[in-house]
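Please read the points below beside the coordinates, as notes from one colleague to another. They take up packing, charge pairs and rings in turn.

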Amino acid sequence: GWGENTREVIRFEISEDFWSTHDHIKSASELSAGCDYSLFKAGIKPMWEDPRNNNGGRWLISLDKKQRSSELDNYWLEVILCLIGEAFEESSEDICGAVVNIRPKGDKLSVWTADCTNRDGIMKIGQKLKERLGIQVKGSIVYEAHNDSMKKSGSVAKFRYTV
């Protein structure tokens, strides 16, 4: 199953530990299609079934293939910086982790939160994410609840929130 294909690359307590290993791991754009990187708080698995993710959801940023060479690595690094720097202030508590998915049709970045009903916190996180990534005002990012994603028919879940 999915869990068997997951392995811990690094675990760190403080950002300095992260930086000392960051330079030795492949950048997201160098991963093969079908691979993911995830960065989660200790004790939370990067899967919907984890009890800490169960009632949560994710902000989702979709990139087209052209952006892999130009923006993907910068975006992923910025997401990591937001997580380890607690850029989301009091909403940082609600963050579970982040994932980058490398896929043939286009890559995805997502920031996972613990409670899909916490509208205020989710909106703050979404706005901060959009601002930090420099996503244009007209560009939008969407939030989907994991439960909606699991139950979706076809390939699109209904989005709970958009910024």
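1. With which residues is Asp-94 in contact, once its neighbours within four places in sequence are left aside? The model is a predicted one, and in it Asp-94 is in contact with Trp-112, Thr-113, Ala-114, Asp-115 and Asn-118 under that condition. Asp-94 has its place in the loop between H2 and S3, and with Asn-118 there is also a polar contact of 3.5 Å that joins the two side chains.

2. The charge of Asp-94 deserves a separate remark, since this residue is buried and yet has no salt bridge. The nearest side chain of opposite charge belongs to Lys-41 and is 7.8 Å away, whereas a salt bridge would need a side-chain nitrogen of Lys or Arg within 4 Å of a carboxyl oxygen.

3. When neighbours within four places in sequence are set aside, Leu-129 is in contact with Trp-59, Ile-61, Val-79, Phe-88, Val-111 and Ile-141.

4. How many salt bridges does the count come to? The count comes to 8 salt bridges, and among them is the pair of Asp-36 and Arg-103, whose closest N and O atoms are 2.9 Å apart. This pair links distant parts of the chain, with Asp-36 in strand S1 and Arg-103 in the loop between S3 and S4, 67 residues apart. Asp-36 is partly exposed, with a relative accessible area of 32%, and Arg-103 is likewise partly exposed, at 26%.

5. Glu-78 and Arg-132 form a further salt bridge, in which the closest N and O atoms are 2.6 Å apart. Because Glu-78 lies in helix H2 and Arg-132 in helix H3, the pair ties together parts that are 54 residues apart in sequence. Arg-132 is partly exposed, having a relative accessible area of 32%.

6. The side chains of Asp-64 and Lys-66 also meet in a salt bridge, at 3.7 Å from N to O. Asp-64 is partly exposed, with a relative accessible area of 35%, while Lys-66 is exposed, with 64%.

7. Which aromatic rings are linked into a cluster by ring pairs? The cluster holds Phe-12, Phe-18 and Trp-19, and a search of the whole structure finds 5 aromatic pairs. The rings of Phe-12 and Phe-18 have their centres 5.1 Å apart and their planes at 50°, so this pair is tilted. For Phe-18 and Trp-19 the centres are 5.0 Å apart and the planes stand at 70°, so this pair is edge-to-face. Phe-18 counts as buried, at 4% relative accessibility, whereas Trp-19 is partly exposed, with a relative accessible area of 31%.

8. Two exposed positions complete the note. Ser-62 is in strand S2 and counts as exposed because its relative accessibility is 54%; residues up to four places away in sequence not being counted, Ser-62 touches Gln-67, Asp-107 and Lys-108. Ser-62 and Asp-107 are 45 residues apart in sequence, but their C-alpha atoms are 6.1 Å apart in space. Glu-89 is found in the loop between H2 and S3 and is exposed, with a relative accessible area of 53%. From Glu-89 to Lys-124 the C-alpha to C-alpha distance is 9.3 Å, across 35 residues of sequence.

Definitions and conventions. Residues are numbered from 1 along each chain as its sequence is written. This is a predicted model: local features need pLDDT of at least 70, side-chain atom pairs count only at pLDDT 80 or more; totals for chains, interfaces and linings use all residues. Side-chain values use heavy atoms; hydrogens and water are left out. Contact means heavy atoms within 4.5 Å. Helices (H or I, at least four residues) and strands (E, at least two) are DSSP runs, numbered from the N terminus. Buried means under 20% relative accessible area, exposed over 50%, partly exposed in between (1.4 Å probe, protein chains only). Rings of Phe, Tyr and Trp (its six-membered ring) pair if their centres lie within 6.5 Å; planes under 30 degrees apart count as stacked, over 60 as edge-to-face and the rest as tilted. Lys and Arg count as positive and Asp and Glu as negative; His and the chain ends are not counted. A polar contact is a pair of N or O atoms within 3.5 Å; within protein, one must be able to donate a hydrogen and the other to accept it, and residues adjacent in sequence count only if both atoms are side-chain atoms.
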